[in-house]
Amino acid sequence: MSKTVLITGATSGIGRATAILFAVQGFKLVLCGRRQERLDALQSELSKQCEVYTLNFDVRDKDVVFKAISSLPENFSQIDVLINNAGNAHGLDPIDKGSVDDWDSMLDINVKGLLYVSKAIIPNMVEKKSGHIINIGSTAGKEVYPKGNVYCASKHAVDALTKGMRMDLNPYGIKVGGINPGAVETEFSNVRFKGDDDKADSVYDGFEPLKAEDIAEIIHFVVTRPYHVNIADLIVMPTAQASATILNRSL
Ligand code: NDP
Ligand code: 8X3
């Protein structure tokens, strides 16, 4: 029987590419996001290849998160793989100039949202004594860069939660791992720079960034390892990137 995979942030970027790849592979999918028209488009496209159910919720709203996940129909309710992917950076400002609303967004979405979704799904995995949780962290969860302050803090928190979940869920045979990308060209920079496309595009000037599909392939590899193999932590960067701040823009 095919595994049921729940992906948060499936309407764009890494989550969307993962949904598309997993559909080709015949997984059963629960796709989450807030943009209903994109969820509808994915549902109609991917249901030609696999069983798909969509859930519209904002990960910040814990009541809505719990309600949405508990509303899953019987045939989608047993989540085998949770991909905690929803998240974004909001702003890129020094700490003395950062917007409190941006800080709230990053901590509420990237950290608390991940916790709410996990809290809604983990009890069933514990009961079954099986499951796999993949948290999409970032190189920003491994190092800090100037003006990255709160985004980096949120991704360091994701890194800590991945480690903590792996320890606490170890007695139940639940796999937990983190995938930490460097620069991936998605809507990420458009969100960070609040729709300023020129500024967003300039992030990727002069080098070849990762594509969402590159990360989707890695997630697929991680999910399809045998039961006794857990890829606990993985960092992936474009070849042109050596660290958060060292980028060879002549490649
Ligand atoms: P995108 O902006 O393309 O996608 C972000 C996804 O998150 C969208 O599907 C969006 O859906 C969803 N999302 C955002 N806020 C919320 C919310 N409040 N509630 C529910 N869903 C939400 O970015 P990426 O694909 O690049 O980002 C995916 C993950 O990868 C993030 O965690 C990001 O931090 C991480 N990452 C990205 C890197 C990059 O360079 N792009 C590098 C390292 C990590 P919707 O708006 O429909 O709700
Ligand atoms: C996204 C990568 O370097 O913009 O998490 O923080 S970076």
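Guide: We can start with the overall picture and then turn to the ligands, a helix and the core.

Guide: This is a predicted model, in which local features need pLDDT of at least 70, side-chain atom pairs count only at pLDDT 80 or more, and totals for chains, interfaces and linings use all residues. Residues are numbered from 1 along each chain as its sequence is written, while chains are lettered from A and ligands numbered from 1 in the order in which they are written.

Visitor: How many helices and strands are there in the chain?

Guide: The chain has eight helices and nine strands, where helices (H or I, at least four residues) and strands (E, at least two) are DSSP runs, numbered from the N terminus.

Visitor: And what radius of gyration does the chain have?

Guide: The chain has 17 Å, which agrees with the value near 18 Å that a compact globule of 251 residues would have; the radius is taken over C-alpha atoms, and the globule rule is 2.2 Å times the number of residues to the power 0.38. Along the principal axes, the C-alpha atoms fill a box of roughly 50 × 40 × 35 Å.

Visitor: OK, ligands next. Which residues come nearest to ligand 1?

Guide: Of the 30 residues around ligand 1, those that come nearest are Gly 9, Gly 13, Arg 34, Gly 87 and Phe 188, and a residue is counted as near if its C-beta atom, placed from the backbone, lies within 6 Å of the molecule. The elements that give two or more residues to this shell are α1, α4 (100-128) and α6 (188-192), and α1 gives the most, with three residues.

Visitor: What surrounds ligand 2?

Guide: The residues around ligand 2 are Ser 138, Thr 139, Ala 140, Gly 148, Tyr 151, Gly 182, Ala 183 and Ala 244. By class, the shell has four nonpolar, four polar and no charged residues, with Ala, Val, Leu, Ile, Met, Phe, Trp, Tyr, Cys and Pro counted as nonpolar, Asp, Glu, Lys and Arg as charged, and the others, Gly among them, as polar.

Visitor: Where is Ala 183 found, and is it buried or exposed?

Guide: Ala 183 is in the loop between β6 (175-181) and β7 (184-185), and it counts as buried because it has 21 C-beta neighbours inside 10 Å. A residue is buried if 20 or more other C-beta atoms, placed from the backbone, lie within 10 Å of its own, exposed if 12 or fewer, and partly exposed in between.

Visitor: Back to α1, how many of its residues are buried?

Guide: Nine of the twelve residues of α1 are buried, so the helix is largely enclosed by the rest of the structure. Helix α1 covers residues 13-24, and its buried residues include Ile 14, Arg 16 and Phe 22. Just after α1, Gly 26 takes a positive phi of about 80°.

Visitor: Last topic: how many residues does the largest nonpolar core have?

Guide: That core has 62 residues, and Ala 19 and Ile 215 are among those with the most contacts inside it; a nonpolar core is a set of buried Ala, Val, Leu, Ile, Met, Phe, Trp, Tyr and Cys residues joined through C-beta atoms within 7 Å. Helix α4 gives the most to this core, with nine residues.

Terms used. Expected span 1.5 Å × (residues − 1).
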